[in-house]
Amino acid sequence: MESYVIRGGMSLKGEVEITGAKNAALAILAASTMTDQTVIIENMPDEADTNALIGAMNDLGVFTHRASRHTVRVNAAKERNIPVDNEGIKKIRASYYLIGALLGKYKRAKVVLPGGCAIGLRPIDQHMKGFAALGASCRIEHGFIIAEAKDLHGAHIYFDVVSVGATINIMMAATLASGQTIIENAAKEPHVVDLANFLNSMGARIKGAGTDVIRITGVEKLHGTEYAIIPDQIEAGTMMMASAVTRGDITVKGVIPKHLDSISAKLKEMGCFIQEYDDAVRVFCSGRVRSTHVKTLPYPGFPTDMQPQITVALGLSTGVSIVTESIFENRFKYVDELTSMGANIKVEGSTAIISGVEKYTGAHITAPDLRAGAALVLAGLVAEGITVVDNIHFIERGYEDFYMKLRSLGAIIEKAEDEPQIEKFRIRYA
Ligand code: UD1
């Protein structure tokens, strides 16, 4: 089992290039199979989740070729519409995007139930409701989601909750349905817009993505395209938070600053200096951050995927902060680990009450999921002494070259494969 070993105490400084957005990439990869023509996707992150989806696509007979590390060529002309089920795909959430893609293209899809981070119940009722409105019959059987339709037709769909996944899934299926679909209470996340732009570049007719009403006029066929994925809002936010945690000076490059507004706003409230450029944001923090209150919300609110990282930063603030998680019901599991590093946090239901402490101390901890794992690494970067973070496969699901990027900013962090390697690091940096 691989771990990160970290010697805390370095103030991170410098510039870091942000990778393509994982969550946009997953939707776009699935959608790229909806045409038999060649699709070229640029700015594709090289991460475990995207690679797992590519592996599942290959199992269906989809040809993929990484022309360079971040450019993938996809051709689905020889795709077979067989059940989607392999070891890699079971671990990721976005496996269910293949339902929307296959249902749109073949009017039938059978996909193993999704995995992903254990941060709550994560039901898929809104996806099923949307597919049913488009004329598909949907059922869950022997661990598979099966959706089939004689004909898919446009429909007026009102989501009961704002769901990124359901919005994306219905957008894909409706693109190849007959007539007009209107999605109300749609998610507005940047990757929803990115997928709409991608589908439109393939000949789809989608309007309103980025607002809460999306209108889709079905088309018969999609064609090949060349498209570059947007930068990763959450990777950028994590690096910005690394600056706040380590009292550093980090510039995230190759980003869309607008996507980072809710994070920049919180960092300003916390007393950090923020400078925005056309495609970069600098975060400079000296001294302890100030406490503030945070509530996670759908975009443009503060992202739930940044909740653990800001909690780690606020754990070192000068006052008492309240962080409310309103998207997922079980997203504070990492707090026990952080407490073992000296944090003073009390969780009551969906709220964390954080009394700032002066310092964290190194400990041997475990990443419970992707974003919380990254957040615990940030805690290790500032902790006194040495921190070991186990289960880093969670982190590598969604951060490309995470520890190398942190090293380029001055962090002392290494990957260790076993106990002797951890011991060597301890001796070197004791
Ligand atoms: C996506 C992101 C994830 C992010 C989340 C919220 C991907 C691959 N993952 O996850 O990183 O944390 O958005 O921004 O893009 N819900 C229902 N019924 C449904 C669907 C969702 O009740 O059918 C609920 C969920 O339980 C949750 C809320 O809606 O409470 C939001 O979930 P959703 O936006 O669907 O998250 P994901 O698409 O799974």
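## A tour of the ligand site and the cavity

Start with S163: one of its polar side-chain atoms lies 2.6 Å from an oxygen atom of the ligand. This is a polar contact, a pair of N or O atoms within 3.5 Å. The model is predicted, so local features need pLDDT of at least 70 and side-chain atom pairs count only at pLDDT 80 or more, while totals for chains, interfaces and linings use all residues. Residues are numbered from 1 along each chain as its sequence is written, and side-chain values use heavy atoms, with hydrogens and water left out.

Next, select V164, where a backbone N or O atom lies 2.7 Å from an oxygen atom of the ligand. Then select P123, which has a backbone N or O atom 3.3 Å from an oxygen atom of the ligand. The protein covers 88% of the 740 Å² of accessible area that the ligand has on its own (Shrake-Rupley method, 1.4 Å probe).

Helices are DSSP runs of H or I, at least four residues, numbered from the N terminus.

Where does the ligand sit? It sits in the largest pocket, as more than half of its atoms lie within 2 Å of the pocket's grid points. A pocket is an open set of points on a 1 Å grid over the protein atoms alone, with protein on both sides within 12 Å along at least five of seven lines; lining residues have an atom within 4 Å of a point. About 1100 Å³ of space lies in the largest pocket. Among its 49 lining residues, R122, V164, G165, I327 and F328 are the closest to its centre. Select helix 1 (22-32): it gives the most to this lining, with four residues.

Last, go to the one cavity of 30 Å³ or more, a set of points where a 1.4 Å probe fits but cannot get out. To find it, select P231, D232, Q233, A236, V255, I256, H259 and L260, which line the largest cavity. Five of these residues are nonpolar, two polar and one charged.

How values were computed:
Grid points are joined across faces, edges and corners, and a volume is the space filled by probe spheres set on the points. Ala, Val, Leu, Ile, Met, Phe, Trp, Tyr, Cys and Pro count as nonpolar, Asp, Glu, Lys and Arg as charged, and the others, Gly among them, as polar. A polar contact is a pair of N or O atoms within 3.5 Å; within protein, one must be able to donate a hydrogen and the other to accept it, and residues adjacent in sequence count only if both atoms are side-chain atoms. Helices (H or I, at least four residues) and strands (E, at least two) are DSSP runs, numbered from the N terminus.
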